[in-house]
Amino acid sequence: MSNGTRPAGGPRRRYGRRKVCRFCAEKSLGIDYKDLRTLRYFVSERGKIVPRRISGNCAEHQRKLTEAIKRARNIALLPFASGLSSERG
Amino acid sequence: MRTYETLFIVHPDVVGDDLAALIEKYRKVLTDQQALVLKADNWGSRTLAYPVKKQTRGSYVLTVFEGAPSVIAEFERRLRIDEKVIKYQTVLFEGSVAAPAAAEKPVQEEAAPVAEEAAADEA
């Protein structure tokens, strides 16, 4: 299996966006599967969970967030898949 | 004794008194098992994120209770049998609840107006 040619996009950005984890910055903001307003920031248009490198969460809070989103999905507070439009993610 | 919370969805056709009666019935189911009911809130009718049992709306009821683990099994068994309950989920309760008022709901209602008066005085 050949990997194919590497795209010549230039040097990859190493720094990325140094976003701070929202939940670490503001300790009072808890992660609750019932708190849809907070959860919506971390779910894409199509209902997919936003990756950590985009949302800027720390590992611990991303894990808790994932669990909360999955619980909310189970109890029909959030959709499993929505949008169904042609746009990605 | 752990604190659990169960969120269940009631069929949208069950309204008003029927809904109140249903919530009371499940509150009794819990207290009959020596569980302490800390909260039994009705969020009202909401649109579901996806159809459940072909319904697009449902009434959400949140109950927080404290008891032995065997309470959950019995509670969920009852929920499963009931046709009016279309979905339920029980999780370990995270967070804190104010001291249970148990049967003294008026106590909580008195506390609310007092808090409002205090806020009005400060404003």
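In chain B, the side chains of B:Glu74 and B:Arg78 form a salt bridge with an N to O distance of 4.0 Å, where a salt bridge is a side-chain nitrogen of Lys or Arg within 4 Å of a carboxyl oxygen of Asp or Glu. This is a predicted model, in which local features need pLDDT of at least 70 and side-chain atom pairs count only at pLDDT 80 or more, while totals for chains, interfaces and linings use all residues. Residues are numbered from 1 along each chain as its sequence is written, chains are lettered from A and ligands numbered from 1 in the order in which they are written, and side-chain values use heavy atoms, with hydrogens and water left out.

**Salt bridges within chain B**

- B:Glu74 and B:Arg78 are 4 residues apart in helix H2 of chain B, which means that about one helical turn separates them; helices (H or I, at least four residues) and strands (E, at least two) are DSSP runs, numbered from the N terminus.
- B:Arg77 also forms a salt bridge with B:Glu74, with the closest N and O atoms 3.1 Å apart, and both residues lie in helix H2 (residues 69-81) of chain B, 3 residues apart.
- B:Glu74 is partly exposed at 24% relative accessibility, as are B:Arg78 at 31% and B:Arg77 at 40%; buried means under 20% relative accessible area, exposed over 50%, and partly exposed in between (1.4 Å probe, protein chains only).
- In helix H1 (residues 16-32) of chain B, B:Arg27 and B:Glu24 lie 3 residues apart and form a salt bridge at 3.5 Å between the closest N and O atoms.
- B:Arg27 is buried, with a relative accessible area of 19%, whereas B:Glu24 is partly exposed at 41%.

**Chain A as a whole**

- Chain A contains 4 helices and 0 strands, and 33% of its 89 residues count as buried.

**The interface of chain A and chain B**

- Contact (heavy atoms within 4.5 Å) links 12 residues of chain A with 16 residues of chain B.
- The two chains bury about 1,200 Å² between them, with 58% of it on carbon and sulfur atoms; buried area is the accessible area (1.4 Å probe) that two parts lose on being put together, summed over both.
- A:Lys34, A:Ile75 and A:Ala76 supply 44% of the area that chain A buries against chain B, more than any other three residues.
- The interface of chain A and chain B holds 2 salt bridges, and B:Glu94 and A:Arg71 meet in a salt bridge through their side chains at 3.6 Å, N to O.

**Around A:Lys34 and B:Glu5**

- A:Lys34 is placed in the loop between helix H1 (22-25) and helix H2 (36-40) of chain A, and this residue is buried, with a relative accessible area of 19%.
- B:Glu5 lies in strand E1 (residues 2-10) of chain B and counts as buried at 3% relative accessibility.
- The side chains of A:Lys34 and B:Glu5 make a polar contact of 2.9 Å; a polar contact is a pair of N or O atoms within 3.5 Å, where within protein one must be able to donate a hydrogen and the other to accept it, and residues adjacent in sequence count only if both atoms are side-chain atoms.
- A second polar contact, of 3.5 Å, joins the side chains of B:Glu5 and A:Tyr33.
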